[in-house]
Amino acid sequence: MPKLRRAMAWFIDFALVLAGASALAVLTFHRISGLVTDVPELATRGGLDLLASRGDVLGAGEHFGLSLWNKAVLYVEQAFGMLVVATFLYQWTCLALAGRTLGKGLVGLKVDRTAPRRAALRAAVTTAADVAVYAVACVLLVEGRFLLSLTVWAVAVAVFFLNALPVLLPGRRSLADRVAGTAVTGFGLGRGGAASVPAPGATPAP
């Protein structure tokens, strides 16, 4: 079934994203752990903060704690940023060079009309729907902006379904395909084993 194959391809590609996210999580954990285990640096920074506080020990301690927290938050934000960039580069590179991601290749699907610009557009929409908007929501949550984070989470879910649900329609073109002017083809898709790709500006046949 074409829809099942599209879903399988997505799961394979998203599993790679999750693997990358896990690796970045481990790296970020070690970076944050390094903040509180580097005793000489902590002692030096704490001493300097105390000297500069003019006797305000509580203020110096609060400033020191906030400094560590802000750096930890920065590490988390960098990890999410790296995940978004890596996802986009994976999608773009695979589409531009081979016309298919690993997931699509394993289930016999291919994306037509993947010139570098079209591949970049499709990769951008796919990355936004699968990763980027969720990453923004998580960053906002870490920064303590709870209500705004919930709002962005809702937007992320909406964007995901806006991208995925059109695949269930007769044309089987996701939002990413429609924005980039591409179409997924493969065995059992469309006429003659492939979905036809409408010319720019043309109206798809019913």
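Both faces of strand β2 (residues 183-186) are covered: A183 and T185 are buried on one side, V184 and G186 on the other. Buried here means under 20% relative accessible area, exposed means over 50%, and partly exposed lies in between (1.4 Å probe, protein chains only). Strands are DSSP runs of E with at least two residues, helices are DSSP runs of H or I with at least four, and both are numbered from the N terminus.

This is a predicted model, in which local features need pLDDT of at least 70, side-chain atom pairs count only at pLDDT 80 or more, and totals for chains, interfaces and linings use all residues. Residues are numbered from 1 along each chain as its sequence is written, and side-chain values use heavy atoms, with hydrogens and water left out.

**Strands and overall layout**

Strand β2 has a partner. Strand β1 (residues 109-112) runs antiparallel to β2, and four bridges join them. Two strands count as paired if DSSP finds at least two bridges between them. Within this pairing, V111 stands opposite V184.

The protein chain holds seven helices and two strands. From the N terminus, the order is α-α-α-α-β-α-α-α-β. Of its 206 residues, 33% are buried. Contact means heavy atoms within 4.5 Å. Among contacts with a separation of 6 or more, 63% are between residues 24 or more positions apart.

**Salt bridges**

How many salt bridges does a search of the whole structure find? It finds three. A salt bridge is a side-chain nitrogen of Lys or Arg within 4 Å of a carboxyl oxygen of Asp or Glu.

| Salt bridge | N to O distance |
|---|---|
| D177 and R6 | 3.6 Å |
| D177 and R122 | 2.7 Å |
| E143 and R145 | 3.8 Å |

R6, R122 and D177 are linked in a network. D177 and R6 meet in a salt bridge. This pair links distant parts of the chain: D177 is in helix α7 (residues 175-180), R6 is in helix α1 (residues 2-37), and 171 residues separate them. D177 also forms a salt bridge with R122. That pair spans 55 residues, with R122 in helix α5 (residues 116-142).

R122 is buried at 4%. R6 is buried at 11%.

Leaving aside neighbours within four places in sequence, R6 touches L109, R122, V167, R172, S174, D177 and V184. One of these residues, V184, is the residue that stands opposite V111.

The remaining pair is E143 with R145. E143 is partly exposed, because its relative accessibility is 37%. R145 is also partly exposed, at 47%.

**Surface**

The accessible surface of the protein chain comes to about 11900 Å², and 73% of it belongs to carbon and sulfur atoms. Accessible areas come from the Shrake-Rupley method with a 1.4 Å probe; for residues, only the protein chains shown count as cover.

Which residues make the nonpolar surface patch of about 430 Å²? They are L141, F146, L147 and L150. Patches are made of residues with over 30% relative accessible area and no salt bridge; like charges are joined within 9 Å, and nonpolar side chains (Val, Leu, Ile, Met, Phe, Trp, Tyr) within 5 Å. Helix α6 (residues 146-164) gives the most to the patch, with three residues. F146 is found in helix α6. F146 counts as partly exposed, because its relative accessible area is 49%.
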